Amino acid sequence: MADTWKALTALGHDAAETTQIGPFKLVERCDVALASLAMRRGQDGPFAAAAAKAGLPLPAVARHQTGTPYSAFWVSPEMWFVEADFATHQDVAVLLKSQFADAASITEQTDAWVRIDVAGQGLEPLFARLTNLDLPMQPDGYASRTVIEHLGVYLVKHRADLVTLYGPRSSAQSLWHALEITAKSVI
Amino acid sequence: MIINHPLLGPRDAQEFVYLGDASLINRPDGMVAGIEIFHDYLYNRDNPAGLHRELWYHEQGDRSWLVVTRNTVTHEITKVELARDVARAEGRSK
Amino acid sequence: MTQTNRISGGQIDRSQTLSFTFDGKAYAGHPGDTLASALLANGVRLMGRSFKYHRPRGPLSAGSEEPNALVHLRAGARQEPNTRATVAELFDGLQATSQNAWPSLKMDALAINDRLNAFFTAGFYYKTFMWPAAFWEKVYEPIIRRAAGLGALTTEEDPDEYDKAFAHCDLLIIGAGPSGLMAALTAGRAGARVILADEDFRMGGRLNAETHDIGAQPGSDWAAGVVAELAALPNVRLMPRTTVVGAFDHGIYSAVERVSDHLATPLPGKPRQTLWRIYTRRVILAAGAIERHIAFENNDRPGIMLAGALRAFANRWGVAVGDKVAVFTNNDDGLRTARDLQAKGVDVVAVIDPRQGGAALPGIRHLQGATVVDSAGRLGLTSITVQRADGRRETIACTALGVSGGWNPNVSITSHHRSRPVWRDDIAAFVPGADGPAGLVAVGAANGALSTQAALHTGASQAMAVLEAMGIAAKAPDLPQAEDADLAISPLWHVPQGKGRAWIDLQNDVTVKDVRLAHQENMTSVEHLKRYTTLGMATDQGKTGNVLGLAVMAELTGQSIPATGTTIYRPPYTPVAMGALAGRSRGKEFKPFRLTPSHKWATEQGAVFVEVGNWLRTQWLPQPGETTWRQSVDREVLATRQSVGICDVTTLGKIDIQGTDAGAFLDKVYCNTFSTLAVGKCRYGLMLREDGMVFDDGTTARLAEHEYVMTTTTANAVTVFRHLEYCRQCLWPDMDVQIISTTEAWAQFSVAGPNARNLLQKLVDQDISDAAFPYMGAANITVQGLRGRLFRISFSGELAYEIAVPARYGDALIRKLTEAGAEFDAVVYGTEALGVMRVEKGHVAGGELNGQSSALNMGLGKMVSKKKDSIGMVLSQREGMTRDDGYRLVGVKPVDPKASLSAGSHFMEIGAPVDLASDGGWLTSKVYSPHLGSDIALGYLKAGDQKIGRKMRAVNFLTKTDTEVEIVSPHFFDPKGERLRG
Amino acid sequence: MRYSGFRVIAEALTGHKGWKPMWRNPAPQPEYDYIIIGGGGHGLATAYYLAKEFGQARIAVLEKGYLGGGNVGRNTTIIRSNYLLDGNEPFYEFSLKLWEGLEQDFNYNAMVSQRGIINLIHSDAQRDALTRRGNGMILNGADAELLSRDQVRAMYPFLNFDNARFPIKGALMQRRGGTVRHDAVAWGYARGADLRGVDLIQNCEVTGMRIENGRIKGVETSRGFIGAKKVGVAVAGSSSKVMAFAGMRLPIESHVLQAFVSEGLKPVIDGVMTFGAGHFYVSQSDKGGLVFGGDIDGYNSYAQRGNLPVIEDVAEGGMALMPMIGRARLLRTWGGIMDMSMDGSPIIDKTQVDGLYFNGGWCYGGFKATPASGMCFAHLLARDTPHPTATAYRFDRFLKGLMIDEKGQGAQPNLH
């Protein structure tokens, strides 16, 4: 299949974008599969069991939790976004459905988003110009939706020097542009 | 304004979309209520100068609908609840 | 380039010389200068003209409250009108020009207004210019408009960039004078997150302008030391050149940082200014006080300024404004000016002091019980007339006069939530009211504590209280010794006068006479006074004049000042560049772009794009040889109907709806029924608002027992999703329904036309024959092995499918589709052709889905099921919405096929007069149908369903067209729908 | 006393000693034929026309603060009659015609300035909708014309034509639209009413209504009870509060709308402009300030102040439309409380209480409506029948499904 279907990255290229601006490194990530996982009403028991069996963490409100094969972050009450390696979990939603059956509503999200990792020392002044979140005060593993240049974006603070953004795929170029010019203005 | 989200803590009201009076939760049953009751439900408001229970949707957040109790004169917010909890407490189900 | 008035001392760097120009003339100054201090150092007092009378003006102040010295800073696209020379930081090559003066600042033609002042009293224009009526726009107003205005705005695009940023802290301290620094020290040492913002480029506030010591060192040195300690604290953020301009709800403050205004141009990539949105738990307002003047005849001449400003220019900038200086003060603070200037060797010719019985100043001619009653000097002060205690008048030659009528605590920010300041007799001034912004306390001079000692003390003690309230343990700092003098003010607002004018609001030329007139005409309430005389409406918002005006009105009404009223200040504290408020949302970045999966391919093909919300969609794809858009669109339509066409429909909203109650949920939100829809099928759904009007429409498919996928219009994707969340959380909270948007996850293309199946079968791995995949079928499929979805739905009226694959493969899919379609001469069509085909089929869209139309209006009334409760069902039955003569959707054809139609034309009966009475409705959407070979349109026509076949007129007054049309069924094309079932 | 250029000159030469108070400060009488609650533009206009057109004797206007202190003194001064729907257009056109003769009528220069208003077009769909509107306007006796992109460019060459996110494709223009000096409208009506014997009573807050057997008897005020045969309420912004005295709930929410003015500038914008792709409209006052605004803040509020997001949103619209505005400075922002009705259109109607009449729900259309609102409300008060141009402004239109929903947003006031 891979030979007949050529994927285009969210930024519209054959390969993921990377750029270095001063201390900041922007990396487009196309190697992560994503699915939404929502608990069906009254399925708390089976849902938790299935998650445990699948090795899927169910982090608390506003948290991201890394695991194998699945990582996850909380997006809204009784709903998580599940991350997995794209190479092995391209059909992540299908895989999860087989594991959760009727305990969960699961939806493919991989291509709904552009994932951009922002890495480097001194991210605070950069993000102070992008989001109203008080990032320096947030613990590692903090996850929240926020607004960056009019765009609704999921933000995960892995470490003080590594932040992941999930922005709407169709606006990938606008988001990337905003990150670039803002980075230039703070270096 | 800052809305103290019951799950997420203080968030800028900019992230929310406002709907209006929380009495909208008490939608009549269309198989029972007629035009007059629906008319009063949809169109007439207390519009108080003071404490107002109102619906806000955290669109740029966790997508929760909230019932916010806010003073319309001072804008002071005294209570914030998940609308789903309020709706259930007010007897709504399916 | 001699700085004739430069004297010793000051906080300027004399080791460097900066050159600059004012009105083309070159001058020199030093780093640390403002434009005003540098011009004064060069002996230039005349810097501007007043608004109404075009009176010659020099600086009144040395700060941001300046009403007079307004100039154009910079030139060309960077020209900034109304820039206060008193805060414009000097840089090498600075260019400034005077404004509101023609032909020159010295010779201003409109100074004629000053001669005619007897006519130009407050509100005179309300009483005349009324006859003849037509003359207002044609004659009077153009003259007034040309004369009015201050500086000139360039019409070129602002070349600079602006940033916006967010900051968070426990404590925001506004102002870095003695009280602010002391508060910052207290909170900083306690480990609180502190932001200390000051509008000046040098922190220290008044301490930089005074000579008295703090502890054993000069105040300015003490300030520098504290700033250094604060700078070393990681939890303290110092923000000089940053003006806090607005107080908003719940601890949100806006502040403007002038990042590059002290440079000729911003450094590459750097913004000119940054708008900070500061989120803070508490605020300490340490914004100091603003001195006010005393009104006397001709008190507005260049060289007459506030005593504190005169002192500041000497102490901070090493400038003697004049060679002979006098001081007019009703309080002891003004005496400092005389002392400091004398100490600097300036000739202080007299101190005029209305107070009596106090100790006379040693070594200075101190005229107690005296007032200044007039002044002379057309372009600059040459002398003052003094009325002495003995009643005799004396003319004293001087080139500078410092005036002090007392100090007004800087309460501006405290009234941004409409809190009214309260009066304090002991300092004859207003202090912040108790009901200011929650969490804000004022300290130091801003709260009426006018001595340095009191400022230090209140700064520290209030900081302690605030920290305790936040649960932050703190240790009270030792208070250094500082002056603690009493102001000893004896209020004097205006010198009793004769014929002349005594200025209150200098910029707007509001005089004591104007206040008198307002009183005489019963415009006595503060708001009437303000609005009638324009007192306090100038660019300084009356920082120096408001209280004076109030006091004069109080005198006239015989009431106390507080009883007369207060005016409250409105945000922003000082005027803010619009660019800073807009940030980067301008030009092409005004809103983000949304690009479809086929965007790259379409760009390669030379597609023409159109904005649909934030989306860019292909409007049409011109082919070689096509010279008009119509040629391209006709080709796309014909080819689609003849063979097959492909269109990117990714922008339609897609919402996954899952859960055991998904079907029941859809029955609530759609007016028609979905719980009965078979798995593997789609259905057209109509969504109403609770008021019964159509909200949105689209096809929704059932992919599994508990799984639906809803499509919405492009325009309503977000609002429909919000509405569904509202329904499931607020109205039916116990329904087992989970929803998520998948709009962007799937690249979706419509493939339409007789050969649609033949084309798709080449790519789709499953059998999609009519038997295997009938009309309105829906399924998960694979496309050459790739996971996808297929829906057999048609917007065009053709045999049509919508095929979807993961978005990253959308580019590959459009290439595969066109490749596989080559043998069928497949075309790719854009939104125009889409529009043509949907109108030919009578499908409603934008023009009909206008939020003002019911299902009945659209001819879809039967879709509203009465067998179940759904949103909008009940109120859609109101009498006004069910009348037989209401609007109905109709098709429209010109009787003469060559005649053209235009959307927005109104229906008129033939033969009837063209007037409101015979207005039958309007054309909602119009296209050219290459099949019918004519324009066709949809429209809303009163009782339209009963008028099919009738001839009417479509009248468009705007294009002056009046076309005879035939009312037809909206289904122009294949009304039985045989093609789409083929 | 009559105002005129000659009078101004004469007074100038005699030291302005002769100017009389613009109105008296009368003490409230025990009873009036008509009490108008609200000394804003609509209340004062109502009293003026009652006294002038309907020859009514004993009339009082009760104002809790100072005359003209409501939205008439807090708006962006625009007048226009470019409405879409038949329920609205005749009324607003009637209002515009009254504006055109107003100053001579009440002998006060309110600077009615018809320099034209344009609504910019950025898409074909907008052109279609504005064409429908323009034709409706003309059918109602108003003026309207469609401008091409080039015509707009000739008029305002500095707009963002070449680097716009949403291109300017033309405009709908109403040349008779324009601006008026807002305070002067209140003062002109007040002075005119006072001259005709109307008692204008300031600092007199209504605290209750006396209703007996379903009939109004008078109002309780901070200055005691005042009897009245008929009471008209014109207190936009506070409508729900006042009508609650009569036990009524209204199809109205109170919302704050911010307005903005820049520092004084030499003339750059001649007429009024509304940006069709963002929330921004602008004109320039005779004093030189750019007067502009955008959307309401969007939440119920009785605080006459707004918040930062709307200020930024409006500035973004301004920069997108006219990129040179970046170096103009925002001088002042303020907020007014709007009666936002459930369909975005006003109400001028009787109530179920005999002798109690209501005028409100103006959303942000109130200022331009002032003359017609006053005339129609006076007509209703005097004749007990709606004025022919205001027949659609009834309470029961919501019950009957006859909404006048210009924006097609349904029963959500903050979207109108």
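**Chain contacts and buried spots**

Modeller: Chain D puts 117 residues into its contact with chain C, and chain C puts in 120. Keep in mind that this is a predicted model.

Colleague: What area is buried between chain D and chain C?

Modeller: About 9900 Å². Carbon and sulfur atoms give 57% of that. On the chain D side, Leu139(D), Arg165(D) and Arg327(D) lose the most area to chain C. Together they make up 10% of what that side buries.

Colleague: How many salt bridges between chain D and chain C?

Modeller: The count is 13. One of them pairs Lys164(C) with Glu316(D). Their closest N and O atoms are 3.1 Å apart. Across the interface of chain D and chain C there are also 67 residue pairs in polar contact, both residues at pLDDT 80 or more.

Colleague: Which element gives the largest share of the chain D side?

Modeller: Helix H4 of chain D, residues 124-139. It supplies 10 residues to the side that touches chain C. By class, that side has 52 nonpolar, 35 polar and 30 charged residues.

Colleague: OK, now chain B and chain A. How many residues does each bring to the contact?

Modeller: Chain B brings 13 and chain A brings 17. The area buried between them is about 1100 Å², with 47% from carbon and sulfur atoms. In chain B, the residues that lose the most area to chain A are Arg11(B), Gln60(B) and Arg63(B). Together they account for 40% of what that side buries.

Colleague: Switching topic. Where does Arg292(C) sit?

Modeller: In the loop between strand E16 (289-291) and strand E17 (304-306) of chain C.

Colleague: Buried or exposed?

Modeller: Arg292(C) counts as buried because its relative accessible area is 0%, and the cut-off is under 20%.

Colleague: What does its side chain contact?

Modeller: The side chain of Arg292(C) makes a polar contact of 2.6 Å with the side chain of Asn408(C). A polar atom of the Arg292(C) side chain also lies 2.7 Å from the backbone oxygen of Ala428(C).

Colleague: And aromatics? How many pairs over all chains?

Modeller: There are 59 aromatic pairs. Among them, Phe296(C) and Phe328(C) are edge-to-face, 5.8 Å centre to centre with 65 degrees between the planes. Phe296(C) lies in the loop between E16 and E17 of chain C, and Phe328(C) lies in strand E18, so the pair ties together parts 32 residues apart in sequence. Phe296(C) is buried at 1% relative accessible area. Phe328(C) is buried too, at 0%.

Colleague: What about Trp423(C) and Phe430(C)?

Modeller: Trp423(C) and Phe430(C) form an edge-to-face pair, 4.9 Å centre to centre and 75 degrees between the planes. Trp423(C) is buried at 17% relative accessible area. Phe430(C) is buried at 7%.

Colleague: Last one. How many residues of helix H20 of chain C are buried?

Modeller: 10 of its 11 residues, so that helix, 831-841, is mostly covered. Just after H20(C), Gly842(C) takes a positive phi of about 75 degrees.

Key. Residues numbered from 1 in each chain as written. Chains lettered and ligands numbered in written order. Predicted model: local features only at pLDDT ≥ 70, side-chain atom pairs only at ≥ 80, totals over all residues. Heavy atoms only, no water. Buried < 20%, exposed > 50% of the residue type's maximum accessible area, 1.4 Å probe, protein only. Helix = DSSP H or I, 4+ residues; strand = E, 2+ residues; numbered from the N terminus. Polar contact = N/O pair within 3.5 Å; in protein donor to acceptor, adjacent residues only side chain to side chain. Contact = heavy atoms within 4.5 Å. Buried area = accessible area lost by both parts, 1.4 Å probe. Phe/Tyr/Trp six-rings, centres within 6.5 Å; stacked < 30°, edge-to-face > 60°. Salt bridge = Lys/Arg side-chain N within 4 Å of Asp/Glu carboxyl O. Nonpolar A, V, L, I, M, F, W, Y, C, P; charged D, E, K, R; others polar.
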